[in-house]
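Please look over the sequence and the model shown here.

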Amino acid sequence: MASKLAPNSFILVSFFLCSLINVPSTKAQLETLAPDQAKVEAGMTHIHFFFHDILSGKNPTAITITQPASGSTTSFGLMNMMDDKLTEGPDPSSKEVGRAQGLYAASCLGEIGFMQAMNLVFTDGAYNGSVITVMGRNTPMHATREMSIVGGTGQFRLARGYAIAKTHTMDFTTGDATVEYDVFVTTH
């Protein structure tokens, strides 16, 4: 007489077998990449840069369009427009490679979380004149955030992929921030 696995046992065995498969996480994949590595896999391009969002001083690169709701602890309702510098390194005076142009709006009641829509406009180097369009949820208090690439132009026409953002520095008094980006894009 053949023994039968109960439905719950089958699910547990399947889960156990699947857990034995070694699938690298996004973080693990990022840690193995050299910063100057251009091709990650066939058809995919990896671009690394720093994003400088400056709300303070005489020449801000981001301005507030709408104020947050009265009494909000998460800035809910706040909307900023940006034209932020993209540089090769974390220092704002390092070589500029493009601009991040778009907006971010505080759209979360439970934590600081933005709906971010931006064009990464490349103005120097191999991608000069090309654009990658990014849209997604950006929660700046999280160590790592992932947003979707929804399109592009030039060398990135019909682009798809994802952008990983990690806060490098943040001034809680001024709101100024430098964010490290790793963008993984394909045009297939």
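Which residues lie nearest the centre of the largest pocket? They are Tyr104, Phe114, Pro140, Met170 and Gly175, and the lining has 25 residues. The model is predicted, with pLDDT of at least 70 needed for local features and 80 or more for side-chain atom pairs, while totals for chains, interfaces and linings use all residues. Residues are numbered from 1 along each chain as its sequence is written, and side-chain values use heavy atoms, leaving out hydrogens and water.

A pocket here is an open set of points, on a 1 Å grid over the protein atoms alone, where a 1.4 Å probe fits and where protein lies on both sides within 12 Å along at least five of seven lines; lining residues have an atom within 4 Å of a point. The largest pocket holds about 430 Å³ of space, a volume being the space filled by probe spheres set on the points, which are joined across faces, edges and corners. Elements giving two or more residues to its lining are β2 (44–53), β6 (114–122), β9 (160–170) and β10 (177–186). Strand β10 supplies the largest share, three residues. By type, the lining of the largest pocket has 13 nonpolar, nine polar and three charged residues; Ala, Val, Leu, Ile, Met, Phe, Trp, Tyr, Cys and Pro count as nonpolar, Asp, Glu, Lys and Arg as charged, and the others, Gly among them, as polar.

The chain as a whole has two helices and 10 strands, in the order α-α-β-β-β-β-β-β-β-β-β-β from the N terminus. These are DSSP runs numbered from the N terminus, with at least four residues of H or I for a helix and at least two of E for a strand. Of its 188 residues, 35% count as buried, where buried means under 20% relative accessible area, exposed over 50%, and partly exposed in between (1.4 Å probe, protein chains only). Among contacts (heavy atoms within 4.5 Å) with a separation of 6 or more, 45% are between residues 24 or more positions apart.

His52 is found in β2 and Thr178 in β10. Their side chains make a polar contact of 3.3 Å, that is, a pair of N or O atoms within 3.5 Å, one able to donate a hydrogen and the other to accept it, with residues adjacent in sequence counted only if both atoms are side-chain atoms. His52 counts as buried because its relative accessibility is 2%, and Thr178 because its value is 8%. Beyond four places in sequence, His52 touches residues including Asp84, Lys85 and Asp91, while the contacts of Thr178 include Phe50, Thr167 and His168.

Ala159 is in contact with Ile149, Val185 and Thr187, among others.

Most residues other than glycine have a negative phi. Leu158, not a glycine, has a positive phi of about 65 degrees. Ser75 likewise has a positive phi, near 65 degrees; Ser75 is in the loop between β3 (62–66) and β4 (79–87) and counts as partly exposed because its relative accessibility is 26%.
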